Every structure is written in structure tokens, then in C-alpha cells.
Amino acid sequence: MKKNMINTIVFFDITENNLKHLDFEMSANDIMVVSGVSGSGKSTLVNHVVATEALRQQQMRLESDKLINYSVRPSFKSCSLLPDPVIVSQRSAYVAGNIRFGTRTRINEALVKYFVDFGSIKQKKVFFKHSLLDIFAHQQRFYSTSRLYLRVINFAPLNKNIRQQLEQQNITSLLLRAEGKSTIKSTEIRKLPAQLEKYEGFIEINSSQIADELSQVKAIPVLMLASRRVDESTFDEYDHDEIEFDQHGFVPNEARIFRLPNQQLFSRATQSSISGYCRQCEGTGEKIDYDLDSVIITDVILSKGFLNVPKTKSGRYQGFKYLPSGLLSVLKKKGVDITLSFKELPESQRETILQTLQEKLSSNRHDTFAQSLTTKKSCLSCQGTGFGWQARAVKVGERSLHEYLAMNGKQLSDAITKFGEAHSLLMRLKNLLYYLHALAIEHISFERSLSTLSSGELQRMKLLPSLLEEVHQRLFILDEPSSNLQFKDNLSIINLLQTIKAKGNRVLLVEHNPLYQVFADKVLCIGPNAGAQGGEYCAPLTLAQQLKGLSIPTNVIPLMAHEHIELNLQPIRHIQLTHLSLPKNAINTVIGASGSGKSTLCREMIYPALKQLDYLVELLDSRPFLGASHSIVATYLDVFACLRQFFSTQSHGQYSASDFSFNAGGACEHCSGKGVVTVGNGHSPSKTTIKQPCPVCFGSRFRPEIALFYAKIGEQKLTLSEVLQSDLTWIASQDDLSQLHKAIEVLDALSLGYLQLGRETQTLSGGELQRLKIAKFLLKHQLNSKDLSKSTTEAIQQVMILDEPCRGLDSQAVDRLIIMLRKYLSDATLIVIEHNPYFIYRSDYIVDLGISGEKKREDNIYHAEMHAIQALNTEELLTRFPSLNHREVMGNVEEGVKATKYEADSITSGTLDDSMLLETLLPLTTTHKTERSKQRYQFIPALYRQQKNFEREQYFNANYHVEVPDDNCFFYRDWQTLHDAVLARKPQEIFYNPLIRQLERYSTVPLNIKKKLLSTIPDKTIFHSNDDWHCLVLADNISLAYLQGAGVVIIRDSEGRLSYHGIRLFSLKNRVVDRVFPQNFVFNLYKNSCHHCHGYGKLLSYPLHDWVDETRSVLDKGSFPFALEKSLPKSTINYFSQKEGLFDFTKPIQELSRVERNILFYGFKEYRFQKPNAKSNADHQYYEWEGLNSYIYDKRKQFSANKIFTDQVEWVDCPFCISGFSSKIQYYQCDGEIFTDSF
């Protein structure tokens, strides 16, 4: 095999998520399409397995020092090496909303460079190389109240040549200004300060004679303005109080002084003082007005409630989020007299109130009520551009930069044809614009925020860099590139994919659109159904089957006597439509090319027009909804309350419904109802932080007694957590859960039947999110009605606007969606933005906006019911409704295209050829690496760099046993085995140790934590409370002991002997406890890494052992050869010793245990304690022992004067771990060895 060439990609035995032992093969230079029903596992295969593994291998080739790249991979047996990936997915495409389209596509950058090179001011050539005499004359004529200086010192020593020139002109003194000061002081040159790096030095130019004499001095003239105001007729101001003439110029006989065109001038970044943003609006182009007059009651005393604002359920003012008492407290602290009314207050205090309220509205700008009190207007100063007048003054082809940025790709392409100069920048711009056209994103304005783009537009935009960089030998992975694209526009994308393939790349797509299957070299289908019924290869639909949905059905019937909604519209941008009539209680589908204005019409014109007519309008799209990050499907659908009430009823009054909520009273205290806890290296977030099941609730999210409560459902007894994770088809079969059946019916109809009610909503795709929103809408507005066949006034007035509801759906799922909409929303009006032909041809009414790039008026926007469209001949159809061209497009592309391979080729499982092994592939790309990262890479064990760790890890997981010296401590792999073993011993009493989860962290439990834990337990049930390791609490049953004891059940047998039974390593003799379910982490270096060295087995350390005098305490003078004792946090040392009883560093070092000495040197990662009266979570608000090594590093500059001190650290073996693993790995053995023996 040639160097760095990869012929075939192969995976064996993939078991990720629902995939059932799949093998996968992809040949070089192939375009492969993976299809399947929604939820079948196709995205898992492509995105979670192939893409993830390709990224991981890429990082290994680059010799990444991140352990996760060597230790964690998707679930499969083996795979070949993979090319460097180019991943363009919808989920990863979302970006910050303040980034503009032109910025991300680098159109802005190219335009700015062109303006810098070719921009002119006022069609005149502004001179930027004026003589000192000319500048003085200009100052005298137009800026006589300002002063002109020549700066000869600029925070640097006085230049020797300048000094000689000044001596020749008999200049004996300079005007000095210290850094950060505004005053200027005359100083003789012979008495200049030694440190001139802190000063500027000037000579005042107050006569033409001085200007002439100093004209040869190579220094910068500086005009210090008396006023920034440019003139009285405009809002324009200079950006600074000083104008430096190496960066400014002017036109003779005109007052204005212009900035030299440069990249900073054309930037709206407010972080830089020299950028060209408008100072009035801070570069936003907007000014916000606040309507506070409507809410302030001017004649009411402030303390009596002076705001006429509705309150929330919690008593806070809507929009402002203040409690009345809280607002008064804030105003009082700001010096406002709250015993007076607003109109009685002095002007300054009224301004304080207005400013306080405005700031609160600004911070709550997403609140609906806050938005009702704010109005955005274009900034008058910059005319809404965000640029200052200096930037706007520079023009190319009679236009300023902001005028070009307001264009889209098509408009700019037309505009630059008029540029006369032949320049490489123009060629670059034209190349960019060509690809914008090919990617079907040329309709997007360069000023448009990326947050307003559809996921499909964002995804296609992310292809642009790879197309421009001419990459080769890569694996391109795309997730539904047809999303938000008109059918025919996909041909441009397919053409680009073929271009990418021709350059030696391969392309892997998740896609339902039949066009891509026509051009694919291979098509795989995952199914046959969703969820557990999917995950296997199956036969895809043939093209003939898919073509059936690409035309108007023959059984279309006319709409019978439907009323119409008559909409008076306000024209916006290129949509110059003033009236539109849509049939009520029908599916109205808006179609057209990307950029034709579908979203503008529906969102910005139809939506407000409907609101004005008092319709109940619901706008549903795929944007993530606001709410708790751990919200689940049941919560979002408002059916969790029914489930909680059911369990409460089953408890016969023992527990309330709120007790069964993990967001309220039922939440596990240890994980706050999340079900997982973060295990990190120290307290701060890090890339080596991992999540593991909560050791208290074991992932159920509930406190122990709630997690253990069983409700009888049919013939089974299940906990609430088990119901939330149950298959929806099972729930639908249970009469006891009939209140959930309607929700499940809707989810299934929306192709979401594979979800669980406990699925976190943040893990859903954009398409799944939108369909979940539809489900909620149906349950809220329609399905609660007892008789769905009867129309209500509310239903008739209900309008639902859907934005691409078919995204991610196969043709069969689209059929189910339409059936559901017709069944449950027959009395509501639907307005749908859609490109999916299987939906379009099943609609009742079509509004076709046609092509993009032209103004839309009543005479070129065609709309009609589907039955009338069916009667048109082909020519009339394509003339009036050009977007209904699906069958014609398919017919044209089928000709000449080779037969597509549809079956999934079988892959013979077996061993991989040596040429396909991971370690044989040389890096395809390079990256900058720091010396530290290179060193850390060398510490990664060879076993991991050779990727032999996974096989060893798998073997140890299957065959390990826990080896402890205790004959009464027993380990089990799961709860059921533990439960059966304990019952078999016929325990006389059952106990648990409430301190287990704390002992997992450190062998001594902090006193305050221990006190808090034991205070909740009745004294009569606690035994040996003074001994952390032997503490016992009597339990009623095994299950309670298991949960309360964090997975360790303690029993007393008939002979009075205690034995310990756990799903975690536990040893009384060695005083060690590990985390629960060790098979999930213990043999994985990333998941079980040492918290001190982060898995590398080495620490950077000063020579502490050489420096320290072990006969002394670290607080004693002379314990180190430099005064370290003065720099140590004595209050922290005292707190850990006296308040928490953990370790005492006031003792001589030689009296400390080995563990305590290591903690002394390198820190304590297990606990930190918030200080009393702490006002934040900042690090300084905690007592935390960071270790002598860290304290010396922080204070090293103080010690540098000491000859003994050497500011040099070296790598030493980490004393806390075994080869980077937690030291507890020594207790897990397999065939007489521990995992690290082969390192």
C-alpha cells in the first residue's frame, strides 16, 4: 500500500447503541448513502461510530497527548485505519448568534482587504503623507482651538539622530507625559528620566517657523483636539482625543481628517479602541428605546409600589424579575428616597430609577414582557450600519463597505463585475461566490446572523472551507445535506460531492432524498424499524417505490366550501406581497427555492398578520426549547405529572406527587436529581472530567425511598425510574397507565415511538425536537377534548406554522405525519414551510415562491389548491409552480447514471491485514505542539499508542476478580447477584454504613460532613458512629441498605459475625473503597485516571525532598532554605486540621504518614470547603490545600533572590497512583496479575 493511502475502511462487530453486531465496509473514492427509518440507527453508525473513530484516529496520528483519544472509542471489535475526516453535521453546525454569515464564509475578509488596497475617500485621493508645514496650516485654519505637537519620544529612549537634530535647532526641553496620565510637563532634555519607556515626549508646533525647522525630524505629528465633534451639522465625532498623522490624512481645503484605510478601520469589534465601529451604538447599528412611561406610576410613593406591571406566580415583576421588596432595596442602596413619588424626586434620582429598570430589561431581553417594553431602531449616527463615519467614507465603485456587506452572494457577484481593477482578491472573491452558488447559500445576506440560518444552510456553509482548500484523501461525512433545500438545488450539492470524490476523497452521507441514492456508488439501509427493532441491515426502498410519492396523487379531491383567512401583509425586503388568502382548516404548504423568502413570508409577515386578527398562532421549528438542561420527554409533554400522581396514589398517602419529581422533593441529594455525578481531576472543569452513575441513586435520580418504591402495574411491580425507561409499546399495553396512552399514540404517529419517556430532551436531534413540539401542541390544544369530532371556536381560530417538520423523516414517516395531522388537526389551519416532496404532494394548498433572487409580488407568486394544480398540463405546471418539478428532475438525472448498488454487501469477519492496522498510518496533517504536550505524549504507555489496550481491557473486564485481605468482604458485579447472595445467608440483621460514598474519596470523613449526614438518622439506629469505617445503621431491608449504603450491604449472621457485600471494592483492613460498577471504568486509563497526574503517571515537581527539613513543621522557620512558611495559607491548614479533622500539618513532617506527606507536597484533590459568608463560587472563597509544590510555584519570584532556590521543575513519578491509574487498580486481578503489569 502506498504511503498514507487507505483503500478500504472496515469495521467488525459494531454494537454501539441499538446496532446489532454490524460489519461495515467502504471502498476508496466511494460515495455511500446510509438510509433508514427515523431512529433505526443510521446516525449512530455514521456519526457516532465512523465519524467519532475517524476523529480519534486523526488525533492519535497527530500524537495528541489527550488520554481520551487512546482510551475511549465506540463499541466495535476492530476496525481498519481511517482517513482524516471532514465532518459536516447538522448538530455541530450551530454557532454563536453574534457571528455573521459574511464573517464565517470569509467574504468580509476579502472585501476588507480589497477596500484597504483600492478604497478611496469621496472619490478624491486623500493625501496621507503631508508635510509638517501643511499639517500646521490645516490646524490653524480648521482646528485653531486645538494644539499640534511633534511626538519625538514614544515610550522608548530618545533616538540618537533625533537628539542631534533637536540640538541643531536649539531645542533644549521637551513636554513629557507619563503613561496613563493626561498632564504634560516641560522637562529639560539633559534631565530626562532614565526610564523613558514610561513616557511620551512632545514639542509644540505653534508657528510655521518651528514647523519648517522641524520638518526633517522623523517623528509623528499629533493633533490634540479641543473637541471630538467634527462639525455642527452632523453627529460625527472623532474616535479619539488625539489624531496621529502617520495614520490620518486630509483633502486640502476641507476640514475633515480621515483615517488611513486599514483592517482595523473596517472592524466593528468594540474590544479594540482603534476599530471603526460606531461609538453611538457600539457597532450594533441599533438603538434601543425603553417604554418606561407606561409602567411607572408617577404620583405613587415608591415604597407603596410604583410599577404598574403584572407579577409572576412567585410575586416578581414580569420583565424585570424583581421582587417589589428587592427593587426597593436596590434603589435605596443607590441613594433613591423611596418615601417620595417618582415625580417628587430630583432629576438625578429619577435617572437612577430609569437606568436601573433599563439595565434589568436589557438583561432579561428574552422575556416576552420585557420585549413589549423595548423598541429597536436604527442608529441615526451610523444609519444602522454599525460603522463609524470614517469607515463609511471609504468607497469602492461608489459604494461603502457596509453597502456590499448588506448584499447576498448573487448581488455581490453582479456588483464586482463593475470593478475595473484586475486583482487576485477579485479572483478569490469570485471563487468564493461560485461555491456559495453551488452550495445553494448565495441568497443569504452577508450581514445575517448565523443563528437565523437553518441547520441545512449551516451544514452546507461548513463544506465551504474544504472546497476552497482542495483537500485530498479525506473522509467527508455529511448528515442530510438535502435539509432545507429545494429538490432541484440538490443537484448542485451532488455535483460538488462528485468533485470532492474526484479529488481522491470518499463521501459518506446519511440521507433520505432519492436523488443522492441515484448518484451513490453504494446504498446501505438500517432498519427495519426504529429503536430496539432496528439496528440491522435491510433492503432499502427501490427508486420505483420512491418515485410514487414524487407527483400529485390521482385521488386528490377539491376543497369543499372552505372559508379563507384573508391576510393583509406588510411587505418586507424582497417580498412585496400585500394580500394573501389561505383556506381554513387545511394544510397550506409554502414552497420555493432556498432564499426565495419562505421564512420571511411565514415568520415575519403571515405570523404578525394572524396575531392582528386575534388568531391563536403556534410557531414550531427545530430550535432547542428553553428549560432545564436535564428535562425529559415526559416533563416536556406535561405527562410526567400524571405518572407522578399515579405513583403517589399507589403509596396510599405515604408520598405526595412532588416526592416523585427529581426536580423537587424526590431528587437524590447527592446528584441533585441528575442521575450522574462528575468525576474530575480536582474541582475545576477539565477535559479529563467524566460522568459516572450516581453512587447513591445509581442513576435513578431519586432519593432512596422513592427509588425503592414499587407500584403495581398489571402483574408487575415497577419503580418510577423503570417506567421512565420502559418501551413505549409496553406502556401502551398497560391499562393502569391509560393516561399516557394518548401521548404515546401521538409520539408513535410522529415517528417518535422509539423514545423513552425518561429520555433527556437535550439529546434529541433538531427534527426530533420539532416533532416533540408538535406532539406537545396536539396534547395541549386538541387531545384533551373529550369529543374530537366536535369543532370548537378555539380550534377553528387555531393556526399552526411548521418549519420543515419532515426533516430527518423517511417517506413512510412522512405518510404517518400527514395522517396524524389530518386526524387530530382537521379543525385547525396549518401553514407549513417544506421541501420534502412526499409532504408537498399530500398537501391541500400550495404557495410557490419560485426561484430566489427576485422581488416577489402578487403577479409572480402562484398559489392554488392541489386539485386545481393537478388539472394543469406539464408546461403550465412548471411555469406557474416551478418548485413542483420533482418527477422531471428525477427523470432527467436517471438517464446516463449507472445502476446503483442497493444491497448491503456482506463483509467477511476476520483479522485485518497489517497494512490496515492503526499504528501503520503516518500523519496526514501536522499541528503545533508545545514542549509539555510532547513530553506528556511520551508518558502515554506503549500499549495505548499501539492500541492494544482495548483487547486487554475487554479480557480483564470479563475475567477479573477483586482481591482484598478481608475474609468478610464480598464483591458482586450487579445488584441482583448481591441480593440473592445476601438472602441465601439468611441475615439476622441488615445494616449499612452511611459514610461509604465519603470514604470512597478519602479514608477519613470530614467532621462537618459526617455530622450533617448522621444528624438525619435516629440515634437509636446508629452504632459505632465515632469510627468512620465501622459505623453501622440498622436497615429495614436489603434494598434500603443497598441504596443508603451506596452499594454496600452489611449483614449480621446467626453467630453474630458481620459481613460486607457490595457492588464496589471494599476492604476494612486496607481501608479502601472504590466507585460502583468497576467494570464500567476500572481498566480504562481515561476513566480511572489519577486525579493528581491525570493519567500520565508523572508530576512536574520542585526538588522538595532535597529542600525540606523533616524534623520541622512546614510552618516552622527553617523548614525550607527560603521563607516558605510566610507564604502558606495558615487558615487553610488550621481549618483542615481543627475543623475537619483530616490532617495536621503543624506536626513535624517526619511524623506524617506517607499519604499525608504526599498530600502536603502535592495537594488534596478530594475535598475543598466553602468559607463562611462566601459570596460566590470563586476559588478564593474556599479552603483548599493545593500543596507545597503549587505554593512554591505561585511565589517563585519572591524566592528567586535566594541562591538555594532553583526555579526549575522536573518530571517525577506520581506518588498517588500506579502507572497513571488510581492506586485502587491493584485490587482488581486477572490470572494472577493486575492490569498495569504489562506496561
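Which residue forms a salt bridge with Glu242, and how far apart are the closest N and O atoms? The partner is Arg177, and the closest N and O atoms are 2.6 Å apart. A salt bridge here is a side-chain nitrogen of Lys or Arg within 4 Å of a carboxyl oxygen of Asp or Glu.

The model is predicted, so local features need pLDDT of at least 70 and side-chain atom pairs count only at pLDDT 80 or more, while totals for chains, interfaces and linings use all residues. Residues are numbered from 1 along each chain as its sequence is written, and side-chain values use heavy atoms, with hydrogens and water left out.

**The sheet**

Six strands form an open sheet in the order S9-S8-S10-S7-S11-S12, with antiparallel pairing. Its edge strands, S9 (185-188) and S12 (242-244), each pair on one side only. From one strand to the next, the twist averages 40°. Strands (E, at least two residues) and helices (H or I, at least four) are DSSP runs, numbered from the N terminus. Two strands pair if DSSP finds at least two bridges between them.

Strand S8 (residues 173-178) is joined to strand S10 (residues 199-204) in the antiparallel sense over 4 bridges. Leu175 stands opposite Phe202 in S10.

Helix H5 (residues 132-142) lies across strands S7 (147-154) and S11 (220-224), at about 140° to S7. Axes are lines fitted to C-alpha atoms, for helices over the stretch in contact (heavy atoms within 4.5 Å). Angles run from 0 to 180 degrees between N-to-C directions.

**Salt bridges**

The structure holds 47 salt bridges. Side chains of opposite charge can pair when their charged atoms come close. Three of the bridges are listed below.

| Pair | N to O distance |
|---|---|
| Glu242 and Arg177 | 2.6 Å |
| Lys742 and Glu745 | 3.5 Å |
| Lys856 and Glu854 | 3.0 Å |

Because Glu242 lies in strand S12 and Arg177 in strand S8, their pair ties together parts that are 65 residues apart in sequence. Arg177 counts as buried at 8% relative accessibility, and Glu242 as partly exposed at 24%. Buried means under 20% relative accessible area, exposed over 50%, and partly exposed in between (1.4 Å probe, protein chains only).

Lys742 and Glu745 are 3 residues apart in helix H26 (residues 741-749), so about one helical turn separates them. Lys742 is partly exposed at 33%, and Glu745 is partly exposed at 31%.

In the remaining pair of the table, Lys856 is buried at 0% relative accessibility, whereas Glu854 is partly exposed at 31%. Elsewhere, salt bridges that share partners join Arg151, Arg177, Glu200, Glu242 and Glu244 into one network.
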